[in-house]
Amino acid sequence: MRRSIATVCLSGMLREKLQAAAAAGFDGVEIFENDLLQFPGSAAEVRRMAEDLNLAIDLFQPFRDFDAPDPAAFARNLARAERKFDLMLELGAPMMLVSSNASAHAIPDDARAAAQLAAMADRAAQRGLKLAYEAVAWGAHVKSYHDAWRIVKMADHPALGLILDSFHTLAVGDDPGGFADIPAEKLFHLQLSDAPRLDMDVRSIGRHFRCLPGQGALDVAGFAAAAVKAGYRGPLSLEVFNDELRAAPR
């Protein structure tokens, strides 16, 4: 299987991060938006850099706070999504991570969330793009892959699928055995990270203390095996939010 890494895992500026990923033998990268914003050139230049290094750009991330409580806010979010789609086409990224809403304005309504995601997926599909929906463990209403799959299934759009993330699943004690109940074609992307057992809230651990697989206390290998057994065939991607890694010498 192909190996990918999120640029948020690496220290330095975007050019250095891409060079490091290629030197380490990765096949692709996830471009984290903050890295792109700090890059002094265009998204097309980033695409050319990646191509020169034989790196695929597998994913652009993140798109947060999408589901909206009223039509005006939803219209603004769709306009924001269209701008991201423009950027993705320039970047050459075929898929965007859409994370579950963690804000106080998140809507506790699966049907409305599904309809809004389907509308955004329809616009993405018109550009030849896909959306991968991820449940974050500290989401306001969508906290687990079970929640995310319920909404994606309800939306029923071919351009909308799931991201499975080892941290968001295992850090809260969820069982990846349920991956087998999800159609393989809806498993769009897989993100891997480990974490130590710490006496603090899951959001703080997830934002600052994740680590590479095998360095923490989570069964990341079992998580990945469950996804592959369920039919996942995309890249195995590292996504490690860790302050020390981002500050490491280049």
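Good morning. The largest nonpolar core in this predicted model has 80 residues, and those with the most contacts inside it are Ile31, Val46 and Met120. By nonpolar core I mean a set of buried Ala, Val, Leu, Ile, Met, Phe, Trp, Tyr and Cys residues joined through side-chain atoms within 4.5 Å; buried means under 20% relative accessible area, exposed over 50%, and partly exposed in between, with a 1.4 Å probe and protein chains only. A second, separate core of 6 residues includes Met95, Leu97, Ala132 and Ile163.

As to the sources, residues are numbered from 1 along each chain as its sequence is written, and side-chain values use heavy atoms, without hydrogens or water. Because the model is predicted, local features need pLDDT of at least 70 and side-chain atom pairs count only at pLDDT 80 or more, while totals for chains, interfaces and linings use all residues.

Let me turn to helix H9, residues 220-229, whose buried residues are Val220, Phe223, Ala224, Ala226 and Ala227. They cover an arc of only 160 degrees around the axis, so they lie on the same side of H9; the arc is taken from the directions from the helix axis to the C-beta atoms. Helices (H or I, at least four residues) and strands (E, at least two) are DSSP runs, numbered from the N terminus. The buried residues of H9 pack against strand E6 (160-165), helix H7 (166-170) and E7, contact meaning heavy atoms within 4.5 Å. On the face turned away from this buried side, H9 carries the exposed residues Ala221 and Lys229. Just after H9, Gly231 takes a positive phi of about 110 degrees.

Finally, Leu198 lies in the loop between strand E7 (187-192) and helix H8 (202-208). Leu198 is partly exposed, with a relative accessible area of 36%.
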